[in-house]
Protein chains: 4
Amino acid sequence: MSPLGDPADTGRSLLTPVVVVSRMTSLIGKRTWAIPEGYIPAESTGDEPALESHETVCVLNTTGDDASLEITVYFPDREPAGPYEKTVPAARTRHFRFDEFDDPEPIPRGEPYASVVESDVPVVCQHTRLDSRQAENALLSTIAFPDG
Amino acid sequence: MSPLGDPADTGRSLLTPVVVVSRMTSLIGKRTWAIPEGYIPAESTGDEPALESHETVCVLNTTGDDASLEITVYFPDREPAGPYEKTVPAARTRHFRFDEFDDPEPIPRGEPYASVVESDVPVVCQHTRLDSRQAENALLSTIAFPDG
Amino acid sequence: MSPLGDPADTGRSLLTPVVVVSRMTSLIGKRTWAIPEGYIPAESTGDEPALESHETVCVLNTTGDDASLEITVYFPDREPAGPYEKTVPAARTRHFRFDEFDDPEPIPRGEPYASVVESDVPVVCQHTRLDSRQAENALLSTIAFPDG
Amino acid sequence: MSPLGDPADTGRSLLTPVVVVSRMTSLIGKRTWAIPEGYIPAESTGDEPALESHETVCVLNTTGDDASLEITVYFPDREPAGPYEKTVPAARTRHFRFDEFDDPEPIPRGEPYASVVESDVPVVCQHTRLDSRQAENALLSTIAFPDG
């Protein structure tokens with residue numbers, strides 16, 4: 001039985017591609033995640049773009065439905081920006097770089113921010129920063145804070 | 001309806017600035033957070049102040065009310081210090097540097113400590129250290145431990 | 001009484017080796033863990049294999065039964081891979097390197113992925129990356145996200 | 001009212017030192033914590049002992065009672081070691097270095113391990129590694145996994 005389909009859907013076509021993963025639960029995660037830390041260093045050292053200073057929110061969607069995300073970005077001294085709309089297809093992961101956000105507006109480098117990810121299906125979020133301001137890179141990462 | 005206001009406040013002025021963020025819950029987080037790790041390296045390398053060795057507690061307040069924080073700092077061999085009083089305005093994030101705490105007393109560099117953040121509204125806390133004692137910086141970060 | 005044995009097994013041989021650990025609970029953890037971040041850098045600097053760029057999932061099994069794991073790996077644009085089958089014996093820890101996964105298929109370097117660990121007994125999972133693309137290494141780590 | 005004393009103890013001496021921390025809850029944390037990742041690098045660069053490669057478990061005890069800890073260390077291929085007995089006094093934090101554990105036995109460098117911390121009062125635990133095998137140090141940290 002596929003973790004990606006409805007377990008009750010016993011009448012589906014035998015031609016449907018099926019990923020067989022035993023014991024898999026189909027709804028891992030939560031719909032709301034918060035990341036209080038946010039800072040895209042303004043300088044970088046190293047080959048672009050993989051070694052450019054950047055932050056990502058890694059989103060894992062193990063469900064059988066595409067996840068529609070709305071990401072809101074908070075600042076110290078002005079109104080929040082967003083929502084930034086993203087999609088993570090069913091049974092996929094997407095790692096979004098905050099420095100590539102541009103709609104409705106880019107996130108300024110060198111300034112603190114925070115973010116909240118909201119999804120219409122359960123997902124799991126992890127926050128990572130690569131800091132290459134100096135000659136050697138530095139990394140941080142944490143599972144985001146789940147709500148609800 | 002704004003996620004930042006009281007959902008029951010249907011009589012407020014139409015002139016109030018409104019941030020429309022769909023599906024946003026207005027109470028993400030907890031009121032108490034603990035950070036057992038704490039250590040502000042005594043030495044630094046690099047441009048001050050961004051690359052000075054430091055630790056921060058990043059606080060995200062997604063509610064419609066200002067968050068009044070009281071931070072208590074614990075040590076290995078003496079009474080706790082504090083409370084350090086901080087504010088995170090409604091729908092804002094603030095990243096507080098422990099090396100800038102001075103009221104009621106500064107936190108000594110080069111000594112272990114821990115901290116507890118208490119807020120009168122739900123917030124989310126993340127702990128980060130930049131260590132620039134050597135020529136290249138190092139980073140660590142984790143969502144703090146929520147209580148209650 | 002050993003935390004590693006069946007508390008109801010009062011008839012076992014007195015010759016059985018017993019680890020006496022007071023207050024030990026025998027079922028720490030969860031059966032499902034998610035790690036949204038995953039990226040094995042394609043380049044490395046330093047002595048192999050300890051300083052080769054790699055990611056690990058560290059699994060702790062405090063129970064008295066061997067843990068049979070099934071790890072599923074998710075990608076941005078193709079079907080998940082797996083399950084990768086691993087074992088963590090009773091009262092042991094195993095730190096699995098994703099770059100050594102090969103059955104049913106290796107995980108490509110330099111591409112984002114995510115993973116889900118499922119166990120038939122409760123375990124605890126932590127995710128760590130060593131990035132040695134530049135002359136000095138960088139580290140990240142987080143407890144994985146537990147489900148259920 | 002002190003968070004460190006019994007709220008019902010209204011008859012205590014007025015000469016008792018009191019730390020006044022408003023809104024402080026006195027029982028933050030859990031009694032069991034797991035850390036699946038563990039590895040003390042065998043080599044170091046930099047001034048000893050602060051920059052020697054090491055791992056710590058940082059324990060915060062916000063209660064009014066001393067915390068008696070029992071730490072059990074797990075390995076890939078042999079029986080667990082311990083318990084290592086430690087104390088964190090009331091309203092104190094202690095950051096224990098695994099490379100300084102010696103009773104009942106030292107923890108070998110350069111080999112994977114994991115650990116479980118058990119306390120007789122609620123505490124909060126965080127795991128940190130400083131890796132100075134190369135010229136520049138690297139850091140990782142995460143809140144440990146709480147049980148129960």
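**Chain C: its strand β6 and its two neighbours**

In chain C, strands β2(C) and β6(C) run antiparallel to each other and are paired over seven bridges. The model is a predicted one, and the predictor assigns the complex an ipTM of 0.81 together with a pTM of 0.83.

**Strand β6(C) and its partners**

- Within the pairing of β2(C) with β6(C), which is antiparallel, L60(C) stands opposite V124(C) in β6(C).
- Strand β1(C) is also an antiparallel partner of β6(C), with five bridges between them, and W33(C) has V117(C) of β6(C) as its bridge partner.
- Between β3(C) and β6(C) there are six bridges, again in the antiparallel sense, and here T72(C) lies opposite V116(C) in β6(C).
- The pairing of β6(C) with β7(C) is antiparallel and spans six bridges, with L130(C) standing opposite L139(C) in β7(C).
- Of the 18 residues of β6(C), 16 are buried, so this strand is largely enclosed by the rest of the structure.

**Contact of chain C with chain A**

- This contact draws 32 residues from chain C and 30 residues from chain A.
- On the side of chain C that touches chain A, two or more residues come from each of β1 (30-35), β3 (67-74), β4 (81-88), β6 (114-131), β7 (138-143) and β8 (145-147) of chain C.
- Sorted by class, that side of chain C comprises 18 nonpolar, six polar and eight charged residues.
- Chain C is laid on chain A by a turn of 90 degrees with a shift of 0.0 Å along the axis, at an RMSD of 0.0 Å.
- Only 19% of the interface residues of chain C are interface residues in chain A as well, so these copies meet through different surfaces.

**Contact of chain C with chain D**

- Here 30 residues of chain C are in contact with 31 residues of chain D.
- The elements of chain C that each supply at least two residues to the side touching chain D are β2 (54-61), β5 (92-97), β6 and β7, and the largest share of that side, six residues, comes from β7(C).
- By class, the side of chain C that touches chain D consists of 14 nonpolar, twelve polar and four charged residues.
- A rotation of 90 degrees, with 0.0 Å of shift along its axis, superposes chain C on chain D with an RMSD of 0.0 Å, and the two copies are thus related as by a four-fold rotation axis.
- The surfaces that these copies use are different, since 20% of the contact residues of chain C recur in chain D.

**Confidence in the prediction**

- Chain A has a mean pLDDT of 82, with 74% of its residues at 70 or more.
- Residues 1-25 of chain A have a pLDDT below 50, although this stretch makes 29 contacts in the model beyond near neighbours in sequence.
- Where pLDDT is low, the predicted coordinates should not be read in detail.

Technical notes: Residues numbered from 1 in each chain as written. Chains lettered and ligands numbered in written order. Predicted model: local features only at pLDDT ≥ 70, side-chain atom pairs only at ≥ 80, totals over all residues. Contact = placed C-beta atoms within 7 Å. Helix = DSSP H or I, 4+ residues; strand = E, 2+ residues; numbered from the N terminus. Nonpolar A, V, L, I, M, F, W, Y, C, P; charged D, E, K, R; others polar. Least-squares fit on C-alpha atoms with pLDDT ≥ 70 in both. pLDDT = per-residue confidence, 0-100. Buried ≥ 20, exposed ≤ 12 C-beta atoms within 10 Å, placed from the backbone. Pairing = 2+ DSSP bridges.
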